[in-house]
Amino acid sequence: MDGSLWPLGNGDGVGKAARATGAPKAMTAMKRTKTAGRKGMRERSTTSARLPATWLVGSGVRLRPVEPSDARPLQRWLDRPSARQWLSELLPRAGPQLAWIAQLATDPAKPSFIIETSLGAQIGLATLSVEGVQAKLGIAIQDTRRVGLDRCAEAVRLLADAAFRVLPLQRIEVRVLPSNEFAVEVYEEAGFSREGVLRKVAFHAGKARDELMLSLLWEEWMARRASI
Amino acid sequence: MRLRRLQRADIEAVRDGFASGIAAATTRWMFPRSLPSKLGWFDDMEASKEHDAFAIVVNRRVVGICSLRPPRFAGRELTIAIFDPAMRGRGLGTFAVTELCRFGFSQLRLRRIELGVYPNHRAAIACYARCGFQYEALLRRYVYHNGVWTDAMWMSLLRSEMGLKKNERAR
Ligand SMILES: CC(C)(COP(=O)(O)OP(=O)(O)OC[C@H]1O[C@@H](n2cnc3c(N)ncnc32)[C@H](O)[C@@H]1OP(=O)(O)O)[C@@H](O)C(=O)NCCC(=O)NCCS
């Protein structure tokens, strides 16, 4: 799914896992008032205490490791047509296989993270696929309109920053369908540069499609880090 | 305070300790890991004849971890991390390193225990020196840490240098 950002409607997604980890699900305004009466307050106060530990924390989002309990809700989410619209060839062709997703929790070559809001509501998935001194980055957001450009870009920045800190990488690349304008905007906002269009390199919806290649180099990351 | 064998039930606390990044600046930056992958690490450690890990326990709370793992050069490599910053600088590290080395030399019959430390990590160097570790070399650009290849100061303690009690000494 590298290089893909896709919009999904409200109420889709990883809510089950949210409840399993004690975090509130990404709530619509209506749902929030529903729970507020009986146990909403308690849920909220325990949430901040029980957020999974991670150092990938920004001002609006945090990235915590994918756990096996995330596999089923992630599969339900990724199998939706609205999600598949942007999926790249990296995802199993016949629909995201449960085993493939479960593997994200343990594969050292694929550090994978659930993107959460600062309060612990789950809003997406971010993965890295490491090959030697290169890595491919991919990010999926359930509801890009609500999450917004800034938080999407922050999630990308958090993962890219962590990757350069942890691993001796030369570059991190990302491939997107040129028509996925929002994703391109997010990656550029996060510091990635366009390199060009690779012709007919991906299969989407049964067709060979072009993909836009963007990348962030170690030097660029280092220079920006030094200037902060 | 005491040292005891690391147990499976400790792994969540250890995972959280590392995932929080609270010891990363002076150890390694690592991606936060899922529970099963950290449990896999524990199982590998248990199965290995060259890897022993201990929990540093204060008032029944696991506040840190230390281990003797396979060496870079010879003997075993010592690692230690006390997670809670409030627990550092109170002699806990000195205690744990001493106990661990005592275990290594007397129980495992090691001849050498080695370790790496960043040259600017004054507290750790003081702690290791106090336990008898000798400076060996500055290994240049030895560790990838926080985005750059960093130098590591290498230290070791030999069995002959550790004051073992008579009944702990190997013949
Ligand atoms: C390194 C670590 C294991 C040391 O354990 P500790 O319990 O803090 O250490 P101790 O209290 O036993 O000893 C610390 C020594 O450093 C000295 N010290 C503390 N802060 C210091 C500083 N900023 N500069 C110089 N010396 C310092 C103390 O005075 C003491 O020396 P002394 O006994 O000769 O007076 C512990 O701080 C730790 O786990 N830190 C985080 C993880 C880490 O860095 N691990 C080691 C990686 S190599």
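This is a predicted model: local features need pLDDT of at least 70, side-chain atom pairs count only at pLDDT 80 or more; totals for chains, interfaces and linings use all residues.
Student: Which residues come nearest to the ligand?
Tutor: There are 22 residues around the ligand, and Thr26(B), Ile82(B), Gly93(B), Thr94(B) and Arg130(B) come nearest.

Student: Why is the pair Arg15(B) and Glu67(A) called a salt bridge?
Tutor: The closest N and O atoms of Arg15(B) and Glu67(A) are 2.8 Å apart. The cut-off is 4 Å between a side-chain nitrogen of Lys or Arg and a carboxyl oxygen of Asp or Glu, so this pair is a salt bridge. The count between chain B and chain A is one salt bridge.

Student: Which elements of chain B supply the side that touches chain A?
Tutor: α1 (11–19), α2 (35–47), β6 and β7 of chain B each supply at least two residues. The largest share, four residues, comes from α1(B). By kind, the residues on this side divide into eleven nonpolar, seven polar and three charged.

Student: How many residues are in contact across the two chains, and how much area is buried between them?
Tutor: 21 residues of chain B are in contact with 26 residues of chain A. About 1700 Å² is buried between the chains, and carbon and sulfur atoms give 65% of this. Trp29(B), Phe31(B) and Tyr144(B) supply 39% of the area that chain B buries against chain A, more than any other three residues.

Student: What makes β5(B) and β7(B) a pair of strands?
Tutor: Six bridges join strand β5 (residues 112–117) of chain B to strand β7 (residues 148–158) of chain B. Pairing needs at least two bridges, so these strands pair. They run antiparallel, and Gly116(B) stands opposite Trp154(B) in β7(B).

Student: How do you know that β6(B) and β7(B) pair, and what lies between them?
Tutor: Eight bridges join β6(B), residues 134–145, to β7(B) in the antiparallel sense. At least two are needed, therefore the strands pair. Leu139(B) has Ala152(B) as its bridge partner. The strands form a hairpin with two residues between them, and Asn146(B) in the turn has a positive phi of about 55°.

Student: Which strands pair with β7(A)?
Tutor: β5(A), residues 171–176, pairs with β7(A), residues 207–217, over six antiparallel bridges. Here Glu173(A) stands opposite Ser215(A). Strand β6 (residues 193–204) of chain A is joined to β7(A) by eight bridges, also antiparallel, and Val197(A) is the bridge partner of Leu212(A). In the two-residue turn of the β6(A) and β7(A) hairpin, Ala205(A) has a positive phi of about 50°.

Note on methods:
Residues are numbered from 1 along each chain as its sequence is written. Chains are lettered from A and ligands numbered from 1 in the order in which they are written. Side-chain values use heavy atoms; hydrogens and water are left out. Contact means heavy atoms within 4.5 Å. Buried area is the accessible area (1.4 Å probe) that two parts lose on being put together, summed over both. Ala, Val, Leu, Ile, Met, Phe, Trp, Tyr, Cys and Pro count as nonpolar, Asp, Glu, Lys and Arg as charged, and the others, Gly among them, as polar. A residue is near a molecule or strand if one of its heavy atoms lies within 4 Å of it.
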